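Biologist: I am new to this structure and would like to go through it step by step. Could you put it on the screen before I ask anything?

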Amino acid sequence: MSQNGTVENVTINIDGQDVDVPKGTNIIEAVKMVGKGKEVPHYCYHPKLSIAGNCRMCLIEMGMPMRDRETGDAVLDDDGKQKIGWMPKPVIGCATNAAPGMHIRTSSDVVVESRNAVTEFLLINHPLDCPICDQAGECRLQEFSADHGRGFSRFIEDKNVKPKRTRLGPRVVLDDERCILCSRCVRFSQEIADDDVLGFVDRGTYSTLTCYPGKELANNYSLNTVDICPVGALTSTDFRFKMRVWFLKRTHSICTESSVGANTEIWSREGKIYRITPRRNDAVNDTWMTDSGRALYKTVESDDRLTQYTIGGVHQPVDQVAAAAVDLLRGGDVAMVASAHSSVEEQFYYKTIAERCATKVSLVSHDGEGDGLLLSEDRTPNLRGALVTGLIYQLPAADLSSLARDIHSGAVKTLLVVNEDVTTLGIAPELLAKVKLIYVGTHTNETAKEADIVLPSLMVFEKDGSFINQNFRLQKFKAAIPGPSGILPDYQVLEKIAAPLADEKPAPVTLDMVWERIANQVEHIETTQTWRGIGEQGLPLEPGSLRELPFVETKNLKYDPDAWKETQAAAAASEG
Amino acid sequence: MAIQEQRLIFKHLDEPGYSNDIDCYLRHGGYEQLKQAVTMKPEDICAEVMDSGVRGRGGAGFPAGMKWKFLDRKSGKPIYLVCNADESEPGTFKDRQIIHKDPHQLIEGMMCSAYAIQAKLAFIYIRGEFFQGYRILERAIEEAREKNLLGENILGSGYSCDIIVHRGAGAYICGEETGLIESLEGFRANPRIKPPYFPAALGLYQCPTIVNNVETLCDVKHIIEMGGKEFAKIGTPGNSGTRIWCVSGHVQKPGYYEFPCAAITLGQLIYDVCGGLKPGRKLKAVIPGGSSSKILRADERFTGKLKNGTDFDWGIEDIPMDFDSLMAVGSMSGSGGVIVMDDSTDMVEALANINYFYAHESCGQCTPCREGVPWMRKITQRMIEGNAREEDADLLNSIADQIAGRTICAFGEAASWPVQSFIAKFKDEFVEKAREQAARRKAGELAAKETTLI
Ligand SMILES: Cc1cc2nc3c(=O)[nH]c(=O)nc-3n(C[C@H](O)[C@H](O)[C@H](O)COP(=O)(O)O)c2cc1C
Ligand code: SF4
Ligand code: SF4
Ligand code: SF4
Ligand code: FES
């Protein structure tokens, strides 16, 4: 690395073509950078784990410009070009780092033959399980066998027999016969999850993956091993045998478990979610996510979902319910309990509503213990959104005692609650009975039950929108499945409330229209920003002094408040 | 007439009355070289070792002086010396003799070497089965410590270094230097990838480490005694010093015999030194450097050019016993394990035996070795069990070709070379095996012959 922290580029030659890559890039990544779908096939290499070099699938040919041993001068060929000294044996791409002038062959006879050989070796003892294997359709072995397999077997001996169904932990099952011993899961457990419970027993061809006796793979990251297992050896107890992956639609989403905002992919079919997996974002979650975050979709179909717009418990058309809400809000003495679970767009609307009826806005914190990795102390996905949109100006308190006093004193007569059960936050049901209550939320609770007006809202899987994570990174998510029938996206319902409050006619808003307003009105968002314009990797915002608020999060995978403060101090010092 | 051995390393060890305690060693002039070494500049000892040209006795034959030169001294990390006493290459039984009968020679050689490379700590990694050897070493180290020949401030020189003896748990792969290092650190002996983990830079505990064979380290003592240049005069240029040949198999007098490099031919070793073959038997083949080295066929003609440019044209008996000559005939001197086979040997069975060993010993880390070697074993096992096929020879060869040169460690070659060379030289026997069995099956007989194998 050079002094200003940038990595210098070097020129290497891949299959006759000169390419510039950062010095030290391994050849698997370097070839990927060439683009055009070029790939060095590999199993054990994983960009976020240490290099094991055991699968030998990534063998390539490598040469360096020749120099005379005595004089150090370049050795030239007949055309005056520097000769390339090719290594006598193929080398592994994953452990070969780009150096100036390096030459690489990724498709020579030797290379292709090496891959074919590794493929044959991996298959001789591999069960022919594809038809009943959950990995089929996303199996590297299956894919590379199509490219590098013989189509027939030279192996007429008996295959090895190993355990077929080992429970490694509550969420992970192992089929040792399918395991290609790439050690990705072992390295993940050691290096990322810091829970060194997996390892190999026995030797040679009998090597068997297993859990240390008396331990189990039970940490909150265990399902990442299933994701990175290149074959169907590790499967998720939850997902196993439920669905063929090629039937599933993949939708980009954001995990709402905490302010980390892990990037995810929702796998769904015909309106039903089957699993959630992490999506790589090196600025947020690398390639990982928690097990608990993957389970969040389980409440989509639960019995306590709110599925009807109601007034006084009676199902009414949405326009009528919205109008009733407007009437209540116009009555004055309104307070709002907003939510850090709402999307940026929704928060923007709540802020508008709050302004239009001079409402005091409270927001409740939901804190838990952080794990230092991808579960932060703040268990809401969008507290930064509430700050950026101006819905709130300071960090939330843990309960609503001040609001309770206002209700008690009669200063608040109408209450709009978003996704919180205020009865557990210091407002007893008797107190709640003193106010007119509007409830907006996804699931019912004691507060919803007391509400005069109920506006069901969509879960993150059912709508488009965006959140702002702990690092003030604006990240968008998309609807993977439809919501309960008849339920509109929240911002459309909120438009029906916000517009009349300013004596305007509600517009048939789209997300793009909402974003036009957000971009024009929100200080920390560029005026040209659109929702569509938020990249798949998110967009870092410049939140100014908001960053200096005393947030609860402590250091985790990509969040380091102390380091940030140091850089700020250093910058200030160098300027001063 | 038997040719007289010229012993250097084994000089005293079989002398009547020679015992492995320190007093006996001191009576025979022991530790004089260590006393001398600690008065020398470490880099001067390294220079002597370089001048001596001594090559590693563990298998690869890499010049020790060169290896020491590669040591990363700039990192500021402690340097370690490791003695490889795993001795598990089939056909090799020399290190054990040194450990059992002359442990102080090894300790002296190690302390001289440790001082030369300025090691902070030295280890002897001893094969798990050598329990007796382990006890002998432990005692010898205690004796040496009492006399301040190791430990703190050795002989008042200001240099301190101790030796720790570490027992393996019975795996061939622990002899591979990076597997050994992993094992020494307390892990499975999974060899490391090179690059980046060259021991001289990132060895034991990621510190610069020198791994040398027992015999190589003993040589260092003699290099100090006679000086590098004088040592280099033993043998021939590039093949200096003596080698201990461990002869096993179908000879009258199997055993270990020490000669200067190139002082004898393979023929002299078998017929003059080892008393020839069993009566009425003819030489069929020789594996000259431990089971990993490529087999030589008795009726082959070996022709080519030596490193120094001279042409050679040898029969098997003419091959000089040294590093370069055995390399020139397409094999290697390896660990010095000379396995002699007469015409009673069934080559398929012999290979089945070797394959069994390698399949059992693969660490299982990398795909070609883990899957390919046991496959070769399954084939040769099937062949001797009566189900040989004519195409098996080519299949075996093709599998070996798919392993060699593509693995994490040299075990891949060690396991492939026997197969490649057996098929290259005795393919007819492998094909014949299938035909014979087919004929017996046709005649209603049992296809497999009785075998004494595993
Ligand atoms: C599979 C395998 C097994 C080995 N076993 C031994 C052994 O038992 N003893 C030994 O000294 N070297 C053994 N070696 C060689 C070592 O890796 C290493 O090269 C040697 O200890 C270096 O010492 P030297 O340079 O003094 O020969 C083995 C190598 C391989 C690939
Ligand atoms: S792991 Fe892959 S190749 Fe193996 S059975 Fe499953 S889908 Fe097929
Ligand atoms: S279970 Fe999967 S990830 Fe783990 S070693 Fe086996 S193949 Fe690799
Ligand atoms: S070549 Fe064999 S012994 Fe060496 S690392 Fe690979 S599997 Fe292990
Ligand atoms: S990816 Fe497995 S060896 Fe390189």
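Biologist: How many aromatic pairs are there over all chains?

Modeller: This is a predicted model, in which local features need pLDDT of at least 70 and side-chain atom pairs count only at pLDDT 80 or more, whereas totals for chains, interfaces and linings use all residues. Residues are numbered from 1 along each chain as its sequence is written, chains are lettered from A and ligands numbered from 1 in the order in which they are written, and side-chain values use heavy atoms, with hydrogens and water left out. Rings of Phe, Tyr and Trp (its six-membered ring) pair if their centres lie within 6.5 Å, and planes under 30 degrees apart count as stacked, over 60 as edge-to-face and the rest as tilted. By this rule, the count over all chains is 22.

Biologist: Which kind of aromatic pair do Tyr115(B) and Tyr159(B) form?

Modeller: The pair links distant parts of the chain, with Tyr115(B) in helix α6 (residues 103–117) and Tyr159(B) in the loop between α7 (131–146) and β3 (163–167), 44 residues apart; helices (H or I, at least four residues) and strands (E, at least two) are DSSP runs, numbered from the N terminus. The ring centres are 5.2 Å apart and the planes make an angle of 80°, so the pair counts as edge-to-face.

Biologist: How many residues of chain A are in contact with chain B?

Modeller: Contact means heavy atoms within 4.5 Å. On that definition, 33 residues of chain B meet a set in chain A that by class has 18 nonpolar, eight polar and 11 charged residues, where Ala, Val, Leu, Ile, Met, Phe, Trp, Tyr, Cys and Pro count as nonpolar, Asp, Glu, Lys and Arg as charged, and the others, Gly among them, as polar. The number of residues on the side of chain A is 37.

Biologist: What area do chain A and chain B bury between them?

Modeller: Buried area is the accessible area (1.4 Å probe) that two parts lose on being put together, summed over both. In chain A, Phe121(A), Arg154(A) and Arg203(A) lose the most area to chain B, together 27% of what that side buries. Of the total, 51% is on carbon and sulfur atoms, and that total is about 2,800 Å².

Biologist: Which residue of chain A forms a salt bridge with Glu413(B)?

Modeller: A salt bridge is a side-chain nitrogen of Lys or Arg within 4 Å of a carboxyl oxygen of Asp or Glu, and the rule finds four of them across the interface of chain A and chain B. In the one with Glu413(B), the closest N and O atoms are 3.4 Å apart, and the partner is Lys89(A).

Biologist: How far does a backbone N or O atom of Gly58(B) lie from an oxygen atom of ligand 1?

Modeller: Ligand 1 is surrounded by 19 residues, the closest being Gly58(B), Asn84(B), Asn212(B), Asn213(B) and Thr216(B); a residue is near a molecule if one of its heavy atoms lies within 4 Å of it. A polar side-chain atom of Asn213(B) lies 2.7 Å from an oxygen atom of this ligand, and a backbone N or O atom of Arg57(B) lies 3.2 Å from one. For Gly58(B), the distance is 2.6 Å.

Biologist: Which residue does a cis peptide bond join to Lys194(B)?

Modeller: Most peptide bonds are trans. In the loop between α8 (177–184) and α9 (199–202) of chain B lies Pro195(B), which a cis peptide bond also joins to Pro196(B), with omega about 5°. In the bond with Lys194(B), omega is about 0°, and the partner is Pro195(B).

Note on methods:
A polar contact is a pair of N or O atoms within 3.5 Å; within protein, one must be able to donate a hydrogen and the other to accept it, and residues adjacent in sequence count only if both atoms are side-chain atoms.
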